Amino acid sequence: MSREEMDALGWDSCDIIIISGDAYVDHPSFSMALIGRLLEAQGFRVGIIAQPDWRSAEAFRALGRPNLFFGVSAGNMDSMVNRYTSDRKIRSDDAYTPDGASDKRPDRAVVAYAQRCREAFPNVNVVIGSIEASLRRIAHYDYWSDTVRRSVLPDAKADLLLFGNAERAIVALAHRLAAGEPIAQIRDLRGSAFMVPPGWRPDDEWVEIDASDVDMPGPLMRHPNPYGEADAAAPAPAAATTAAVRFHPPASRARADRSHTAVRLPSYEQVKDDPVLYAHASRTFHLESNPNNARALVQAHGGRDVWLNPPPLPLSTAEMDGVYGLPYQRRPHPSYGEAKIPAYEMIRFSVNIMRGCFGGCTFCSITEHEGRVIQSRSEESVLQEIEEIRDETPGFTGVISDLGGPTANMYRLACRDDRIQAACRRLSCVYPDICENLGTDHAPLIELYRKARALKGIKRILIGSGLRYDLAVRSPAYIRELVTHHVGGYLKIAPEHTEPGPLAHMMKPGIGTYDTFKRLFDQFSKEAGKEQYLIPYFIAAHPGTRDEDMVNLALWLKRNDFRLDQVQTFLPTPMAIASAMYHSERNPLKKVTRNGPLVGTVRGARQRRLHKAFLRYHDPENWPLLREVLKQMGRADLIGNGKKHLVPNFQPAGTGLRFGAVRETGSGAAGKKVDRAPSGKAPSGKAPSGKRPGPAVRRGR
């Protein structure tokens, strides 16, 4: 991190310098540490410039010019989600900064950092990555400016963008650059994106499928399906006509080898002015997310194209073990002294056992970054890391705060048939129902829990990652194991809503599945002699949510005696399907057409406050707003002082002055939490420490 450290190592230069928007914590949950240690293990000299002052290029010269490239990352979180709430207000703290300081990173950090690298050393190779770059690799809706912005590549003026979990790509790139290959000629890495001239192809065998417009079949030619959901039939003979017809490539080309086929998305210029085309592009993009059958994507930006190679292939268990078995110090860099880094404090006693998620929730960005295929570590690797925490991490008291990842209970879950998985183009393995081809056996996870808590010196293993309860109900033995040994008084789950309309637009299961899980949770907690509570998460103002849906959710909360202390409104993150719904008012989960049904969206500040207020129906500050709206909706029957009423008639003195005010969590993408048990009840034990913070933008909260 400094010239002095380089001198101590005997280095005259660094091969690769990583720029990060986060403080440097040498822990595998922090992306710069994981990539840095991986490259170090390959023999490269790696420098890290953490949270540089972006206002000038001077901080970017601290370690000299890298021999190979600058690797630019915004950090574990998208910088805009990190800095702003869902109401576009600046957050008061930053969990990835010493002492939570809120002024150590710029807006759109990838662009700012990449441009400063160019200023510091003209003609240096610049490679961008991280969740922020992944979610901006094509033209995308930007909530903070309420516009469609172009790909981050031309804005950052980067040579290459690596998206997703890019371990293989970055190692291959470093070796090829070290061998003298120019970066402009490296065009075959999976999980990479770059700018090319119009009409560029890797070789003459490649063909292009035109999906630059919504499919509007005409009488002259049966068009290939732009979403690639089925092979098109042979074209019908042409007939004389004067009607305007949009020609597509011949159907025979649509059946070309997928590994040599590129799908042309509508251009940036088209989608920025046409919400329907934006929704169409979103659907096409997401259908090309399975690395086993995804095709390359092309999108024009002015006089150049953004070319996206197919996503990276998932890591094997042995490869995952190798990545997480590197010699991390598991603590912040000594230069921070006694300063506390909140994100580190949250995860320093936790272990990441897997990555990826096949849930497909439309508000979540895990899939766009980590993919749907679950990548799991071996038992031996996980247990070894627990022992390292026990023996080497300062302050360890014998309690592991989490064994998890993006979800708590997808460890080793996979499709039962590799051939089916390779051909699958479903956006979710669990919606509308759990796929019959999905293995849901939780036995390997149960066995891991048992071995982990049997280790010498381990007093308790808690589960802090969010639980996928629709999978858990398939394995009552897992629920019994979980509530008997691994719940610290509270367990987080995410129904997100109770009503069919919003749930369908989220791709979440019906509330009946929650009821089933709660019955099992309560039963096994009672059998274990424990008083434990569920912490349900809900999203306000999600696309497809009506005011009536929020009324029904509030009534459900009251019936079940839930009083949420902190709530969050839907936050449209780049490239998420729900963000496309929010921007376009179309549903990319279905075929997009010009005359298709509209999706209701909640946009105005007052309406968003209202939906949050329904989640905090019990807060007197919200009662004036709720009473006014309930009367307008013809639901004055819910206003009164009885148990059947939602809002009382009276107003306590000194309350209701902040019109529609609610408190909002500062945890950003990590979600909401309830700080209390259901009213009138006292919790037993401590709540789990919470979901690990990164890679974030994992939920649309």
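**Close-up views of a predicted model**

**View 1. Met575, with a relative accessibility of 4%, counts as buried.** Buried here means under 20% relative accessible area, exposed means over 50%, and partly exposed covers the range in between, with a 1.4 Å probe and the protein chains only. The structure is a predicted model, in which local features need pLDDT of at least 70 and side-chain atom pairs count only at pLDDT 80 or more, while totals for chains, interfaces and linings use all residues. Residues are numbered from 1 along each chain as its sequence is written, and side-chain values use heavy atoms, with hydrogens and water left out. Met575 is found in the loop between β21 (568-569) and α22 (577-584), where helices (H or I, at least four residues) and strands (E, at least two) are DSSP runs numbered from the N terminus. Although Met575 is not a glycine, its phi is positive, at about 75°. Most residues other than glycine have a negative phi, and most peptide bonds are trans.

**View 2. Helix α22 is mostly covered, with eight of its eight residues buried.** These buried residues are Ile577, Ala578, Ser579, Ala580, Met581, Tyr582, His583 and Ser584. They pack against β5 (140-142), β6 (147-149), α10 (275-286), α13 (366-370), α19 (500-506) and α23, a contact being heavy atoms within 4.5 Å. Just after α22, Glu585 takes a positive phi of about 60°.

**View 3. Helix α24 (residues 623-632) has Trp623, Leu625, Leu626, Arg627, Val629 and Leu630 as its buried residues.** The elements that cover these buried residues of α24 include α21 (547-559) and α23 (605-615). Gly634, which follows α24, has a positive phi near 75°.

**View 4. Asp107 and Arg83 form a salt bridge, with their closest N and O atoms 2.5 Å apart.** Asp107 lies in the loop between α3 (79-83) and α4 (109-120) and Arg83 in helix α3, so the pair ties together parts that are 24 residues apart in sequence. A salt bridge is defined as a side-chain nitrogen of Lys or Arg within 4 Å of a carboxyl oxygen of Asp or Glu, and a search of the whole structure finds 44 of them. Asp107 is partly exposed, with a relative accessible area of 30%, whereas Arg83 is buried, with a relative accessible area of 16%.

**View 5. Arg453 and Glu481 form a salt bridge in which the closest N and O atoms are 2.6 Å apart.** The pair links distant parts of the chain, with Arg453 in helix α16 (residues 443-453) and Glu481 in helix α18 (residues 476-485), 28 residues apart. Arg453 counts as partly exposed at 25% relative accessibility, while Glu481 is buried, with a relative accessible area of 6%. Elsewhere, salt bridges that share partners join Asp78, Arg108, Arg136 and Asp142 into one network.

**View 6. Arg108, placed in the loop between α3 and α4, has a positive phi near 50° in a residue other than glycine.** Arg108 counts as buried, at 18% relative accessibility.

**View 7. Arg295 and Glu288 meet through their side chains in a salt bridge (2.6 Å, N to O).** Arg295 is buried, and Glu288 is buried as well.

**View 8. The peptide bond from Tyr431 to Pro432 is cis, with omega near 5°.** Pro432 is found in the loop between α15 (418-423) and α16.

**View 9. Asp203, Asp204, Glu205 and Asp257 gather in a patch of negative charge on the surface.** Patches are made of residues with over 30% relative accessible area and no salt bridge, like charges being joined within 9 Å and nonpolar side chains (Val, Leu, Ile, Met, Phe, Trp, Tyr) within 5 Å. Lys and Arg count as positive and Asp and Glu as negative, with His and the chain ends not counted, and the place of a charge is taken as NZ of Lys, CZ of Arg, CG of Asp or CD of Glu. Asp204 has its place in the loop between β8 (192-196) and β9 (207-210), and Asp204 is exposed, with a relative accessible area of 81%.

**Overview. The protein has 24 helices and 21 strands, and buried residues make up 61% of its 701 residues.** The protein exposes about 26,600 Å², of which carbon and sulfur atoms supply 51%; accessible areas come from the Shrake-Rupley method with a 1.4 Å probe, and for residues only the protein chains shown count as cover. Among the contacts in the protein with a separation of 6 or more, 77% are accounted for by residues 24 or more positions apart.
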